[in-house]
There are 2 protein chains.
Amino acid sequence: MIDKQGSFFIGGRDVKSEALSTLSAYDSVGTITVDQMYVHYQIPVDARRLPVTLIHGCCLTGKTWETTPDGRMGWDEYFVRKGHPTYVIDQVARGRSAVDPSLINSVKLAKAPIGKTPAVFSAGQEAAWAIFRFGPEYPKVFPGMQFPLEAQAEFWKQMVADWSMTLPQPNPTVPALSQLAIKLGAAILISHSQSGIYPFQAAALDTTGIAGIVSIEPGGCPPATSDLAPYLKMPILVLFGDYVDLSSRWAPRLRGCREFAEAVRKRGGRTELVVLPEIGIKGNSHMLMQDRNSLEIADWLYAWIDKNIEQKRQ
Amino acid sequence: MIDKQGSFFIGGRDVKSEALSTLSAYDSVGTITVDQMYVHYQIPVDARRLPVTLIHGCCLTGKTWETTPDGRMGWDEYFVRKGHPTYVIDQVARGRSAVDPSLINSVKLAKAPIGKTPAVFSAGQEAAWAIFRFGPEYPKVFPGMQFPLEAQAEFWKQMVADWSMTLPQPNPTVPALSQLAIKLGAAILISHSQSGIYPFQAAALDTTGIAGIVSIEPGGCPPATSDLAPYLKMPILVLFGDYVDLSSRWAPRLRGCREFAEAVRKRGGRTELVVLPEIGIKGNSHMLMQDRNSLEIADWLYAWIDKNIEQKRQ
């Protein structure tokens, strides 16, 4: 039972361009709006819980959190059913959040040198295989793997081109998340992978409205030697799946996050780092919100949020 | 009250590429999946009506049908509340449906000539003003305009870059719509603008599963001299808003659709063409699903569907 649902944008700026098009049917000169972040939300009847915001990672969109590749309920619906108003975003310049094609057209029109072509990339399935820790390398599979690889074709369809390297730093998704948290009043920001650093960066801009951070398999945590003051103000969970030590890409990221969590704890902060096999949950890939036991993990996360965020505010 | 919701993809093909990336962090060689169509659906409890599929137009995404720029309920929710299982798609190569960046990267890597740069365009707000018939030219407004122009900034944020000119013909959205209709068994395809021709093209491929077509402000109808046999098999509504005769872009399209509708009727088909001011509903722009009276139009459309599609099947 849904009380209210809908969508809106946060942020955005107008850009005047002379290279919107190379086609005669569409003017090349004009104004477009870019850097806005698409937000889709559902608020359950009798919402008793804090809003959660689900933030996807590299080369993916908000689809990450919806129906799993093998057709099971996504976390977007899970959190609504559990009483959380749930906000799913498309990062700036991804999915339903616009990109600026002007540089592509400027090169095509010979108004800009080839080197100015924007660095738009897609992750190939063979390389993504190891990045998502389905196995050590394509097409080997880690023993006990929980990702539904029989439905991998549906998963690969989720992947889209990534324009993040063409954006200013921090990614405009960061101030947009900050504005969303301020708008919501008290939001739990749940990030994944590439977006792992965004809620931390948003908290560094302004801690207002950020009731807690859940960083799932982050591409990076803030350096332990950075200004930790913003992170002392809210409960933080950093969550990793299985096989991390078998990945030369992920093992150092987990180490960096351990150092961060330890540094925050030493300063009195409430940061917890959990590696799922260390609490008895085994076989999880990088895409743990889509793994076969995704709802078991959601139950565990729901309970963690209840204990460490919801109850602490009462 | 929602019985079931979620998302999936239709279609898609694997592409092997040697130009997925120009960045050292991501392999340039690999496989990606493109030409799939993203579908988000909601099925109400006690769904008594046929499924409707909402298909957006140029330079827009499925967001078209969600919350209006001034914050009112979108048609996606309206049709669910009225008992219709509702499917909202992102056209192939738009929104959450992936694009192939290989040609951009091939040019950047000097592996392809500049002329091979894909024709990706954005519609500027000034040009879109007249295309969407907010007024005769930017920033003049037609008298009695129903579009909520005070919220136009939120509308411009809906617009995204359009890759449709880089796709094969017919647009892969067309066979995907056909497959979706076959999967649903009996679907009403509701198109808008650029996508206006897609349901007709889908019916020409295979009429199976297409219970009816509603073509809102189509960029074009099938030629009156074309093979009309597929269009004799289902109820068809072509719907236009106001100010059409004041637009040199839209007036010929309306004329072409009148010829199509007349030709189908002469062959015994059930095609109706309605121009809203001719039935007393005035002031509508091209974006009539977002105009101030959008829910009044939805009520009218719901009744049309009930009378001409639902009741005729009983």
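Mentor: Let's settle one term before we start: helices (H or I, at least four residues) and strands (E, at least two) are DSSP runs, numbered from the N terminus. Keep in mind too that this is a predicted model. With that naming, C59(B) lies in the loop between β3 (52-55) and α1 of chain B.

Trainee: What makes the phi of C59(B) worth a remark?

Mentor: Its phi is near 70°, a positive value, and the residue is not a glycine.

Trainee: Why is C59(B) called buried?

Mentor: Set the value against the cut-off: buried means under 20% relative accessible area. C59(B) has 1%, so it is buried.

Trainee: Which residue of chain A has a positive phi although it is not a glycine?

Mentor: A110(A) has one, with phi about 60°. A110(A) sits in the loop between α2 (102-108) and α3 (125-131) of chain A.

Trainee: How do you know whether A110(A) is buried or exposed?

Mentor: Exposed takes over 50% relative accessible area. A110(A) reaches 65%, and therefore counts as exposed.

Trainee: Let's go back to chain B. Where is T61(B), and what does it touch?

Mentor: T61(B) is in the loop between β3 and α1 of chain B. Beyond its neighbours within four places in sequence, T61(B) is in contact with H56(B), D90(B), R94(B), G95(B), Q158(B) and V160(B), and also with R96(A) from the other chain. T61(B) counts as buried because its relative accessibility is 1%, against a limit of 20%.

Trainee: Why does E154(A) count as buried?

Mentor: Its relative accessibility is 17%, and the limit is 20%, so E154(A) counts as buried. This residue belongs to helix α4 (residues 152-156) of chain A. Its contacts, leaving aside neighbours within four places in sequence, are P69(A), F8(B) and F9(B).

Trainee: What makes S191(A) a buried residue?

Mentor: At 0% relative accessibility, S191(A) is under the 20% limit and therefore buried. S191(A) is part of strand β5 (residues 187-192) of chain A. Past the residues within four places in sequence, S191(A) is in contact with I55(A), G196(A), P199(A), V214(A), S215(A) and I216(A).

Trainee: Which residues of helix α6 of chain B are buried, and what do they pack against?

Mentor: In α6 (residues 198-205) of chain B the buried ones are Y198(B), P199(B), F200(B), A202(B) and A203(B). They pack against β3, α5, β5 (187-192), β6 (210-216), β7 (236-240) and α7 (251-266) of chain B.

Trainee: Now the interface. How many residues does each chain put into the contact, and how much area is buried?

Mentor: Chain B and chain A contribute 67 residues each. Between them they bury about 5,600 Å², with 53% of that on carbon and sulfur atoms. On the chain B side, Y26(B), R96(B) and K157(B) lose the most area to chain A, together 13% of what that side buries.

Trainee: Why is the pair D90(A) and R96(B) called a salt bridge?

Mentor: The definition asks for a side-chain nitrogen of Lys or Arg within 4 Å of a carboxyl oxygen of Asp or Glu. In this pair the closest N and O atoms are 2.9 Å apart, so D90(A) and R96(B) qualify as a salt bridge. There are four salt bridges between chain B and chain A, and 34 residue pairs in polar contact (both at pLDDT 80 or more).

Trainee: What gives the most to the side of chain B that touches chain A?

Mentor: β1(B) does, with nine residues. That side of chain B divides into 30 nonpolar, 23 polar and 14 charged residues.

Trainee: One last thing: which peptide bonds of chain B are cis?

Mentor: Among them is the bond from Y138(B) to P139(B), with omega near 0°; P139(B) is in the loop between α3 and α4 of chain B. A cis bond also joins Q169(B) and P170(B), where omega is about -10°. P170(B) lies in the loop between α4 and α5 (173-184) of chain B.

Note on methods:
Residues numbered from 1 in each chain as written. Chains lettered and ligands numbered in written order. Heavy atoms only, no water. Contact = heavy atoms within 4.5 Å. Buried area = accessible area lost by both parts, 1.4 Å probe. Polar contact = N/O pair within 3.5 Å; in protein donor to acceptor, adjacent residues only side chain to side chain. Nonpolar A, V, L, I, M, F, W, Y, C, P; charged D, E, K, R; others polar. Buried < 20%, exposed > 50% of the residue type's maximum accessible area, 1.4 Å probe, protein only.
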